[in-house]
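Visitor: I would like to go through this structure with you. Could we begin with a helix and then turn to the chain contact?

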There are 2 protein chains.
Amino acid sequence: MSNKPIPYKIYLEEDEMPKAWYNVRADMKNKPAPLIDPATMEPITLEALSKVFCEELAKQELDDTTPYIPIPQEILDFYKMYRPAPLVRAYCLEKKLGTPAKIYYKFEGNNTSGSHKLNSAIAQAYYAKQQGLKGVTTETGAGQWGTALSMACAYLDLDCKVYMVKCSYEQKPFRREVMRTYGANVTPSPSMETEVGRRINAEFPGTTGSLGCAISEAVEAASNDPGYRYVLGSVMNQVLLHQSIIGLETKAALDKYDIKADIIIGCAGGGSNLGGLVSPFAGEMLRGEANYKLIAVEPASCPSLTRGSYVYDYCDTGKICPLQKMYTLGSGFIPASSHAGGLRYHGMSSVVSQLYHDGLMEARTVEQTSVFAAAQEFAKVEGILPAPESSHAIRVAIDEALKCKETGEEKTIVFGLTGTGYFDMYAYQRFNDGQMGDYIPSDEEIATSLAKTPKF
Amino acid sequence: MSNKPIPYKIYLEEDEMPKAWYNVRADMKNKPAPLIDPATMEPITLEALSKVFCEELAKQELDDTTPYIPIPQEILDFYKMYRPAPLVRAYCLEKKLGTPAKIYYKFEGNNTSGSHKLNSAIAQAYYAKQQGLKGVTTETGAGQWGTALSMACAYLDLDCKVYMVKCSYEQKPFRREVMRTYGANVTPSPSMETEVGRRINAEFPGTTGSLGCAISEAVEAASNDPGYRYVLGSVMNQVLLHQSIIGLETKAALDKYDIKADIIIGCAGGGSNLGGLVSPFAGEMLRGEANYKLIAVEPASCPSLTRGSYVYDYCDTGKICPLQKMYTLGSGFIPASSHAGGLRYHGMSSVVSQLYHDGLMEARTVEQTSVFAAAQEFAKVEGILPAPESSHAIRVAIDEALKCKETGEEKTIVFGLTGTGYFDMYAYQRFNDGQMGDYIPSDEEIATSLAKTPKF
């Protein structure tokens, strides 16, 4: 350990910022299983994948051998607007807990999208622009991804069409207005603009929509116009690749002060933040250079790693995207309504799934009332009001720090603080009013859903 | 100009952060006129002022000779949690405008209160704690000040009682929940908890309150318990003193890269942000060391500097706080409902008023639709979604940059970006829907209000 005093916040200098993304698949001996084309049920080709995604992104999706992929200059310039994200030493939280542990968090919330989603949104928008496309389509539930994509498209002067799950569109008008302010076209889903939307509206009059339906509308809208492509904010390999900027910056900041992490913790929904954060550390483990305790934290209401199966499954309810082998609860699994919308996903990115399957990572589940208690404790001493999703990682970081208090160990704990909770105040209100509940799905519920995964 | 490349964001190192606040009054030959005690109509004594404010704050309020006041270590530690605030080079905005001007903004929105208010909130809460008080009371309208004070009190484990104007309490439930999450007690005003609240409720059944009434309730609540003091988020000398951290950091960041500002722009409500930003620069002008063009930007709907009178007036509708000599529209002036709640104040801090009166500062008014157009233009290329208040400064910064485009001058423009607009999306919605209007008060309206200022 160096004698340099460690500041509250470690900001890298611009010339210390990563210039390439890290592709952890290149260092994995057990590669994630190939994507399957839903049309042929065979491993998907670059050609077929390029009909869904931009060509360059399709290449990144399939590339499991190149360890470092240079970040184009225009994306580096955009990153400079809101990055480097600080690595913060949680001195105040440590003091409050009375723990000998040293706690750090990588804060990704210092941008208007309020989360790490912007890291991949700008990359996907950039490649769409490079390919000469007019615009992109996507779906959004809680709204972080849609906001991030709107910002990226506004910067690049690209059309952005967002299908927003109707209940969110109505309950989160402010998220919607942020996207509109950045010039995005936001449509409540199901709409009457697409065939699938009209069919669902006819079949279920008055429905408030679902993420699965919004994906289907976004894909249909993109496929009807050759100037558009559909883009996705999590789960895919390309997204984890872009999100590796989180882990690379974290590692550079730790190295700058000769800090060696013992435990690295991230919340896990589709896996984009977690995968991005742990990738460079997992890479060191895979190359036999270091050892870390990596912990994925998932909500007890949607426990894909801890209670799902490791099988091929659809990524979307509409069964349009390529299939992935992943820890899944079944693509028809409907997680209980919770206040961490970003973690309500039935499956886990195939990279994270494989790392977990190979024993490089642990997984924990936490219940939402204990998550919000941790969020409040953290906010009071560290100032930042965290997103419900991020607070899953806070919960486990606090739990690990309290273990150190018992044992007297001075472990170094790093966790990902993916975003802020400014648009989640209804959830905090439920918590403040003592009206928040917890839900754990039954074994039968999970088994019934898993019985419907495709057979090979 | 140095040859060091100027990064997108200049962050000071921790050891470069200011260790003392700067008190511009010490360098003013024409000092702001003394505060007047409303009970005696004579200049107020330290003793009388200490009944309203904490002793140390009362001393700071009256001290117009000490140029530098050391920042206590505990406040410095708190500042490290969210400061230094970055000085951002608006490369993308410059490119979009095609201007030869160099534009910088000091961004104060990277904290959960979403604004610069936290700089003074922590100082006031700290001195209350030092004095052994149990807690503080205050009022809040738009909610930034109440949020900042809640955060500071949570950190110091101090009670925080906020009287929130009832219409805001109902229309901005999320602001309220942020304060509650930080443990504050938030009461809609007028309430039935205070004498003045009960009287107003009886007199005006169903009233949705006013800032004046909320101040009166907060002052009454504090005066009923010797363990409490009332605290205020703007206008007062002590607040400008604390906010000088904005200008000091800005100057340190400019100096670090040998940048000389030509124009410095801030939005002006009660004057706390503006005064804090310009203080060190005005100090250089007062000492004859440099020259700058300082511009105060106020809303056309509430033009105290440009259309008010420079006379003694009450700071609050309840006429309880000391009187100040200031540019005012009259303490009974009710600004038209606008979406920049933080700028809807009838008067201007006496320091800013005196600097303006002595010709060290210019003032401009802008209308809100043009302000929101500037906000949107800024957001699309710089990423940050600005608060409506801050966007007043953006408007004038863009106007000045466009003038440079005409003349070819490479001026360096610095403006204060005081905060983010995440809790102002209703205003953006009005703008996005083309439903926002402008309002300029008539000369008669202002004259009628000014006729009621106290006579000496």
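Guide: Helix 16 of chain A, residues 388-407, has 20 residues and spans 29 Å from first to last C-alpha, close to the 28 Å expected at 1.5 Å a residue. Helices here are DSSP runs (H or I, at least four residues), numbered from the N terminus. The expected span is 1.5 Å times one less than the number of residues. This is a predicted model, in which local features need pLDDT of at least 70, side-chain atom pairs count only at pLDDT 80 or more, and totals for chains, interfaces and linings use all residues. Residues are numbered from 1 along each chain as its sequence is written.

Visitor: Is helix 16 of chain A mostly covered or mostly uncovered?

Guide: Helix 16 is mostly covered, with 14 of its 20 residues buried (under 20% relative accessible area, 1.4 Å probe, protein chains only). Just after this helix, Gly408(A) adopts a positive phi of about 80°.

Visitor: Which salt bridge can you name?

Guide: Arg180(B) and Asp433(A) form one through their side chains, at 2.8 Å, N to O. The rule (a Lys or Arg side-chain nitrogen within 4 Å of an Asp or Glu carboxyl oxygen) finds 2 across the interface.

Note on methods: Chains are lettered from A and ligands numbered from 1 in the order in which they are written. Side-chain values use heavy atoms; hydrogens and water are left out. Helices (H or I, at least four residues) and strands (E, at least two) are DSSP runs, numbered from the N terminus. Buried means under 20% relative accessible area, exposed over 50%, partly exposed in between (1.4 Å probe, protein chains only).
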